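This report is written for someone meeting the structure below for the first time. Please keep the sequence and the model in view while reading.

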Amino acid sequence: MADILVLNGPNLNLLGRREPEIYGTTTLEQIEQSLTEQARQSGFSLRCEQSNAEHVLIELVHSIFASQTQAVLINPGAFTHTSLALRDALLAVGKPFYEVHISNVHQREAFRARSYLSDVAAGVVCGLGVAGYQFMMAALLARLQSPVEMKREI
Ligand code: DQA
């Protein structure tokens, strides 16, 4: 079992080809490789998964229950705006999760501004392009490495 679970939701398997004017030209495979290397340099292992199915994402979240996995970095795609079930799964396993969006969801259609996850996420990044994954991973790794110090700063 890996230290960190990286989850990507529906349609993110098409990154690099999907609406490049919004999501850029970097592929999900390139993002996952770069996150894996970033985590490895800090001594942490990653498991990266993508699914277009809500129940698969929920089962992947369940798989970290009572495991050594300490945190989740997730771009839930459109399930952000619809999935109470994904929210409940993330709360059920009791591990901090970090929500990433490539686009600025607040600058787009009104329905994208609502997230079922943000109020219970450990952190939220949006609108920074695919670099948002790296920024969020840096914050997550810092939190894992020195949880006490990070709390004192807040
Ligand atoms: C997204 C934003 C969502 O609204 C959308 O459904 C996605 C991608 C993002 O990364 O910007 O699939 O999560």
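## Basis of the description

The model described here is predicted, and the distances and angles that follow are computed from its atoms.

## Helices H2 and H5

Two packed helices are described by the angle between their axes and the distance between the axes. For helix H2, which covers residues 28-41, and helix H5, which covers residues 131-145, the angle is about 25 degrees and the axes are 10 Å apart. An angle under 35 degrees counts as roughly parallel, and H2 and H5 are therefore roughly parallel to each other. The crossing of H2 and H5 is right-handed.

On the H2 side, the residues that meet H5 are Ile 31, Ser 34, Leu 35, Gln 38 and Ala 39, and they face Tyr 133, Gln 134, Met 137, Ala 138 and Leu 141 in H5. Sorted by class, this contact of H2 with H5 holds seven nonpolar and three polar residues, and no charged ones.

## Helices H3 and H4

Helix H3 (residues 54-62) and helix H4 (residues 84-93) form another pair, whose axes come within 9 Å and cross at roughly 5 degrees. By the cut-off of 35 degrees, H3 and H4 are therefore also roughly parallel to each other.

In this pair, H3 contributes Glu 54, Leu 57, Ile 58, Val 61 and His 62 to the contact, while H4 contributes Ala 85, Leu 86, Ala 89, Leu 90 and Val 93. The contact of H3 with H4 has eight nonpolar residues, one polar residue and one charged residue.

## Around the ligand

The residues around the ligand are Arg 18, Tyr 23, Asn 75, Gly 77, Ala 78, His 81, His 101, Ile 102, Ser 103, Val 105 and Arg 112. With Ala 78, it is a polar backbone atom that is 3.2 Å from an oxygen atom of the ligand.

## Ser 115 in its loop

Ser 115 is found in the loop between strand E4 (97-101) and strand E5 (123-126). A polar atom of the Ser 115 side chain lies 2.9 Å from the backbone nitrogen of Leu 117, and a polar atom of that side chain is also 3.0 Å from the backbone nitrogen of Ser 118. When neighbours within four places in sequence are left aside, Ser 115 is in contact with Thr 80 and Glu 99.

Definitions and conventions
Residues are numbered from 1 along each chain as its sequence is written. This is a predicted model: local features need pLDDT of at least 70, side-chain atom pairs count only at pLDDT 80 or more; totals for chains, interfaces and linings use all residues. Side-chain values use heavy atoms; hydrogens and water are left out. Axes are lines fitted to C-alpha atoms, for helices over the stretch in contact, and angles run from 0 to 180 degrees between N-to-C directions. Helices (H or I, at least four residues) and strands (E, at least two) are DSSP runs, numbered from the N terminus. Angles under 35 degrees count as roughly parallel, over 145 as roughly antiparallel, 65 to 115 as roughly perpendicular and the rest as oblique. A crossing is left-handed if the near helix is turned anticlockwise from the far one by less than a right angle, and right-handed if clockwise. Contact means heavy atoms within 4.5 Å. Ala, Val, Leu, Ile, Met, Phe, Trp, Tyr, Cys and Pro count as nonpolar, Asp, Glu, Lys and Arg as charged, and the others, Gly among them, as polar. A residue is near a molecule or strand if one of its heavy atoms lies within 4 Å of it. A polar contact is a pair of N or O atoms within 3.5 Å; within protein, one must be able to donate a hydrogen and the other to accept it, and residues adjacent in sequence count only if both atoms are side-chain atoms.
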